[in-house]
Amino acid sequence: HHGPNDADHDMADTHDHASHADNTHDHSALTSWPADVAVPTLSLSVTDDGPTSRNLHIMSKGYEWTPEQVNGAVTTGGHAHVYINGLKVARAYGPWLHLEGFPTDGPVTVRVTFNANDHSGWAVDGAPLAIETIIE
């Protein structure tokens with residue numbers, strides 16, 4: 001027969017998926033991009049600046065960089081977090097970023113996540129607003 005605990009079993013199916021996120025991200029929380037604001041168009045360029053240094057150009061049409069508002073209220077802008085091979089290496093406050101100590105043997109995965117002022121990741125339809133490129 002069905003006891004009062006049956007409902008608890010149903011609840012167990014809706015467990016928090018954030019706990020499954022990999023630990024390289026310092027903030028697993030996601031904030032949905034506002035439906036009434038156009039989703040930014042993203043592209044990424046990585047150019048050599050020396051044997052182990054690279055210049056990153058984060059092109060984000062429609063994304064407002066708001067470094068002066070970091071740790072403040074969530075607006076429709078923010079900053080970005082930069083990951084090399086899954087490891088967070090920098091926080092970007094604008095479209096250009098200089099990276100030192102870039103791995104010399106590839107392929108190297110460069111991922112940029114766009115983050116709100118409270119550091120939560122922007123998400124569109126539940127997927128992180130991010131761009132990734134692989135350098136051979």
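Visitor: Which residue takes a positive phi in the hairpin of β5 and β6?

Guide: The model is predicted. In the hairpin of β5 and β6, 2 residues lie between the strands, and Asn-85 adopts a positive phi near 50°. The two strands themselves pair in the antiparallel sense over 5 bridges. Within that pairing, Val-82 has Ala-90 of β6 as its bridge partner.

Visitor: How does one follow β5 (77–84) to its other partners, and over how many bridges is β5 joined to β8?

Guide: One takes each pairing in turn and notes its direction. β5 and β8 run antiparallel and are joined by 6 bridges. His-81 has its bridge partner in β8, namely Thr-113. By contrast, β4 and β5 run parallel, with 2 bridges between them; there, Glu-64 stands opposite Gly-77.

Visitor: Why is β5 described as largely enclosed by the rest of the structure?

Guide: The term buried applies to a relative accessible area under 20%. In β5, 8 of the 8 residues are buried, so the strand is largely enclosed by the rest of the structure.

Visitor: What does Ala-90 touch, leaving aside its neighbours within four places in sequence?

Guide: Ala-90 belongs to strand β6 (residues 87–92) and is buried, with a relative accessible area of 15%. Its contacts beyond those sequence neighbours are Ala-80, His-81, Val-82, Leu-97 and Leu-99. For Ala-90 and Ala-80, which are 10 residues apart along the chain, the C-alpha atoms are separated by 8.5 Å.

Visitor: In what order do the strands of the open sheet stand?

Guide: The sheet has 3 strands in the order β2-β3-β7, with antiparallel pairing. β2 (41–48) and β7 (96–99) are at the edges with a single partner strand each, so one side of each has no neighbour in the sheet. On average, neighbouring strands of this sheet are turned by 20° against each other, direction ignored. The pairing of β2 with β3 (residues 54–61) extends over 8 bridges, and Ser-43 stands opposite Met-59 there. Between β3 and β7 there are 4 bridges; Leu-56 has Leu-97 as its partner in β7.

Visitor: Which residues touch the most other members of the largest nonpolar core?

Guide: The core has 23 residues, and those touching the most other members are Leu-56, Val-82, Leu-99, Val-112 and Phe-114. At least two core residues come from each of β2, β3, β5, β6, β7 and β8. The greatest contribution is that of β8, with 4 residues. As for Val-82, its contacts outside four places in sequence include Leu-56, Leu-99 and Val-112.

Visitor: Which polar contacts do the side chains of Thr-113 and Ser-120 make?

Guide: The side chain of Thr-113 has a polar contact of 2.9 Å with that of Asn-115. Thr-113 lies in β8 and is buried, at 8% relative accessible area. Its C-alpha atom is separated by 4.2 Å from that of Ala-130, 17 residues apart along the chain.

Guide: For Ser-120, the side-chain partner is Asp-118, at 2.7 Å. Ser-120 is in the loop between β8 and β9 (121–124) and is buried, with a relative accessible area of 5%. Beyond four places in sequence, Ser-120 is in contact with Ala-29, Thr-31, Phe-114 and Asn-115.

Notes:
Residues numbered from 1 in each chain as written. Predicted model: local features only at pLDDT ≥ 70, side-chain atom pairs only at ≥ 80, totals over all residues. Heavy atoms only, no water. Pairing = 2+ DSSP bridges. Axes fitted to C-alpha atoms, helices over the stretch in contact; angles between N-to-C directions. Buried < 20%, exposed > 50% of the residue type's maximum accessible area, 1.4 Å probe, protein only. Polar contact = N/O pair within 3.5 Å; in protein donor to acceptor, adjacent residues only side chain to side chain. Contact = heavy atoms within 4.5 Å. Core = buried A, V, L, I, M, F, W, Y, C linked by side-chain atoms within 4.5 Å.
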